[in-house]
Amino acid sequence: MPGAGLAVEDHPLSRAPVEPRVGLLEPSLEAACRRWADRPAITFRGVTTTYAELWSKVEALACAYQRLGVRPGDRVVCQLRNVPEHVVAINAAWACGAIHAGTDNDLTGEELSWLVDRTEAAALVFQPRADTADPLGPLQAVHEARPETVVVVHGAEPAGPRQVSLAELLGTGAEPGWQPRYPGPAETGLLLLTSGTTGRPKAVMETLRGCWAKMQFFADALRPVPEDVHLLYLPMGHVFGLRLSLIALLSGGRLVLLDRFSPAEAARLVAEERVTILPGMPTHFTLLLDALDAARRGVSSLRWAVSAAATLPRPLVERIYDTLGCELHYVYGCSENFTTQTTD
């Protein structure tokens, strides 16, 4: 994901190995959007965005970030759920040279304010939870902890100091002649938050070149193609969901987003959207298989199931093969790494 205009063959990690690769990922979302401009990129709640429309939003938000004072090397914390704007926010941060830090949408005000202060974030992209009495309440704690941080609000009207509307920023559009400025090969592009279960989260620093290489390693096994439809309910605020979303788009596929996992909704989307790649944790697959009636819901489009994060018991593996009738990837590692194996 290096600078603008870099051809795939010029990518430092794209030199042909001894065995030719299949499915080389585009080096950036910008390159993918220019290559597949008219193809569908993201589907969310029945609305589909093309690659050209997606990149237009990235440019608009990146320009807005710069107007708001975000500079190369600044941190941008994003706690959006799995919505198209999350993809936009990730790539807009990179397009203005900033560092993207994804996190949970469920953080309390104290947890979020600590993270914003700890990362010295120049901006926070915030989506309020609808199941709370005071959806914008956490932002008061954020402002008290770091009043200079700009808060970009999605899904609600801004109601406090240093708050702006994401919808308005996206509606402004990019400035004529604007060009992206990506982090350099040795510069940090990602902060991957890990742990936090027994203490404060730790931030793993990663370059965009490193991120691309780990995704390509996975793609060499998965071999995604532009005809693939990827269902994603794993949170993009975590490393696995983030990488899966980018793999889908850098290979020209269509990303179908589900902002909260529901076995019934996931089964419906698999059938109606003709999903070909279905990732999930073992618990997700157990619940999905329990809800799935293969006689009523079509699963014939599936070609890969991808599991991670916990032990995959043999009986569950057999249920996946028997019910879904697709191949299975098992992925394991940590936030700093990304590895995979296939099962036979």
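1. Helix α4 passes helix α5 in a right-handed crossing, the near helix being turned clockwise from the far one by less than a right angle. The axes of α4 (residues 109-119) and α5 (residues 138-145) come within 8 Å and cross at roughly 35°. The model is predicted, with local features needing pLDDT of at least 70 and side-chain atom pairs pLDDT 80 or more, while totals for chains, interfaces and linings use all residues. Residues are numbered from 1 along each chain, and side-chain values use heavy atoms, without hydrogens or water.

2. Where the helices meet, Gly109, Leu112, Ser113, Val116 and Asp117 of α4 contact Pro138, Ala141, Val142 and Ala145 of α5 (heavy atoms within 4.5 Å). By class, this contact has 6 nonpolar, 2 polar and 1 charged residues, with Gly counted as polar.

3. There are 2 aromatic pairs, for which ring centres must lie within 6.5 Å, with planes under 30 degrees apart called stacked, over 60 edge-to-face and the rest tilted. The rings of Trp36 and Tyr51 are tilted, with centres 6.1 Å apart and planes at 50°. Trp36, in the loop between α1 and β1, is 15 residues from Tyr51 in helix α2. Trp36 is buried at 11% relative accessibility (buried is under 20%, exposed over 50%, partly exposed in between, with a 1.4 Å probe and protein chains only), and Tyr51 is likewise buried at 0%.

4. Tyr233 and Phe261 also form a tilted pair, with ring centres 4.6 Å apart and planes at 55°. Tyr233 lies in the loop between β10 and α8 and Phe261 in the loop between β11 and α9, so the pair ties together parts 28 residues apart in sequence. Tyr233 is buried at 5% relative accessible area, whereas Phe261 is partly exposed at 24%.

Notes
Axes fitted to C-alpha atoms, helices over the stretch in contact; angles between N-to-C directions. Helix = DSSP H or I, 4+ residues; strand = E, 2+ residues; numbered from the N terminus. Phe/Tyr/Trp six-rings, centres within 6.5 Å; stacked < 30°, edge-to-face > 60°.
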